[in-house]
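Please look over the protein shown here.

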Amino acid sequence: MSFRNKEIQKAWHKKKRSEDPDYYRNKNLKQTYGITIKEFNKLLELQSGKCAICQGPPVYNGFGGGSVYHVDHCHETDKVRGLLCQKCNLGLGYFQDKELNILKATGYLMVFRIKDKIEEALRLGFIDVIEI
């Protein structure tokens with residue numbers, strides 16, 4: 001592409017951004033998730049403007065794009081499930097979207113919380129050690 005064409009293209013994109021600030025966001029949402037920005041905003045409204053998991057606000061994404069919610073979708077069906085903050089979105093990714101992994105992690109945390117409570121109750125004399 002010649003320099004002239006690049007300049008024309010650059011000018012077209014700049015004009016498009018000024019005329020319709022949501023153009024590229026809408027285009028990306030439609031191509032990637034099959035939803036429009038209007039549907040994204042409706043989903044956000046249904047979630048009361050909060051993350052679908054932690055109910056928290058969006059987290060700064062670190063890429064200069066401000067605070068955004070991520071569109072969570074099933075990787076098998078591509079169906080949109082909800083909008084998540086970056087931390088919850090990454091968490092699901094680290095657990096590979098597998099419910100069993102999440103349940104195992106929950107059990108792991110619960111066992112240690114219960115263990116701590118039992119140790120505290122023993123220390124305070126609320127319960128006696130039971131022989132099994």
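This report moves from the overall layout to single residues.

**Overall layout**

The model is predicted. The protein has five helices and four strands. Along the sequence they follow the order α-α-α-β-β-β-β-α-α. Of its 132 residues, 16% count as buried. The accessible surface is about 10,800 Å², and carbon and sulfur atoms hold 58% of that area. Among contacts with a separation of 6 or more, 35% join residues 24 or more positions apart.

**The nonpolar core**

The largest nonpolar core has twelve residues, including Leu29, Phe40, Cys51, Val71, Leu84 and Leu92. Helix H3 (37–46), strand S4 (80–84) and helix H4 (86–94) each give at least two residues to this core.

Take Val71 as one member of the core. Beyond its neighbours within four places in sequence, Val71 contacts Leu29, Tyr33, Ile35, Phe40, Val80, Gly82 and Leu83.

Ile53 sits in the loop between H3 and strand S1 (59–60). Ile53 is partly exposed, because its relative accessible area is 46%. Leaving out neighbours within four places in sequence, Ile53 touches Leu84, Cys88 and Leu92. Ile53 and Lys87 are 34 residues apart along the chain, yet their C-alpha atoms are separated by 10.0 Å.

**The cysteines**

How many disulfides does the structure hold? The count is zero. Cys51 is in no disulfide, and the nearest cysteine sulfur, that of Cys88, is 3.7 Å away. Cys88 is in no disulfide either; the nearest cysteine sulfur to Cys88 is that of Cys85, at 3.7 Å. Cys51 counts as buried because its relative accessibility is 0%. Cys88 counts as buried too, at 14% relative accessibility.

**Salt bridges**

Side chains of opposite charge can pair when their charged atoms come close. The count here is five salt bridges. The table lists some of them.

| Pair | N to O distance |
|---|---|
| Lys15 and Glu19 | 3.5 Å |
| Asp72 and Arg81 | 2.8 Å |
| Lys115 and Glu119 | 3.8 Å |

Lys15 and Glu19 are four residues apart in helix H1 (residues 3–19), so about one helical turn separates them. Both Lys15 and Glu19 are exposed.

Glu119 and Lys115 are also four residues apart, in helix H5, or about one turn of the helix. Glu119 is partly exposed, at 43% relative accessibility. Lys115 is partly exposed as well, with a relative accessible area of 42%.

Is Asp72 buried or exposed? Asp72 is buried, because its relative accessible area is 8%. Asp72 belongs to strand S3 (residues 70–73). Apart from residues up to four places away in sequence, Asp72 touches Lys79, Val80, Arg81, Gly82, Leu84, Asn89 and Leu92. Salt bridges link Asp72, Arg81 and Asp97 in a network.

**A nonpolar surface patch**

Which residues form a nonpolar patch on the surface? They are Met110, Ile114, Ile118, Leu122, Leu124, Phe126 and Ile127. Together they have about 670 Å² of accessible area. Leu124 lies in helix H5 (residues 99–124). Leu124 is partly exposed, because its relative accessible area is 44%.

Terms used
Residues are numbered from 1 along each chain as its sequence is written. This is a predicted model: local features need pLDDT of at least 70, side-chain atom pairs count only at pLDDT 80 or more; totals for chains, interfaces and linings use all residues. Side-chain values use heavy atoms; hydrogens and water are left out. Contact means heavy atoms within 4.5 Å. A disulfide is a pair of cysteine sulfur atoms within 2.5 Å. Buried means under 20% relative accessible area, exposed over 50%, partly exposed in between (1.4 Å probe, protein chains only). Accessible areas come from the Shrake-Rupley method with a 1.4 Å probe; for residues, only the protein chains shown count as cover. Patches are made of residues with over 30% relative accessible area and no salt bridge: like charges are joined within 9 Å, nonpolar side chains (Val, Leu, Ile, Met, Phe, Trp, Tyr) within 5 Å. A salt bridge is a side-chain nitrogen of Lys or Arg within 4 Å of a carboxyl oxygen of Asp or Glu. A nonpolar core is a set of buried Ala, Val, Leu, Ile, Met, Phe, Trp, Tyr and Cys residues joined through side-chain atoms within 4.5 Å.
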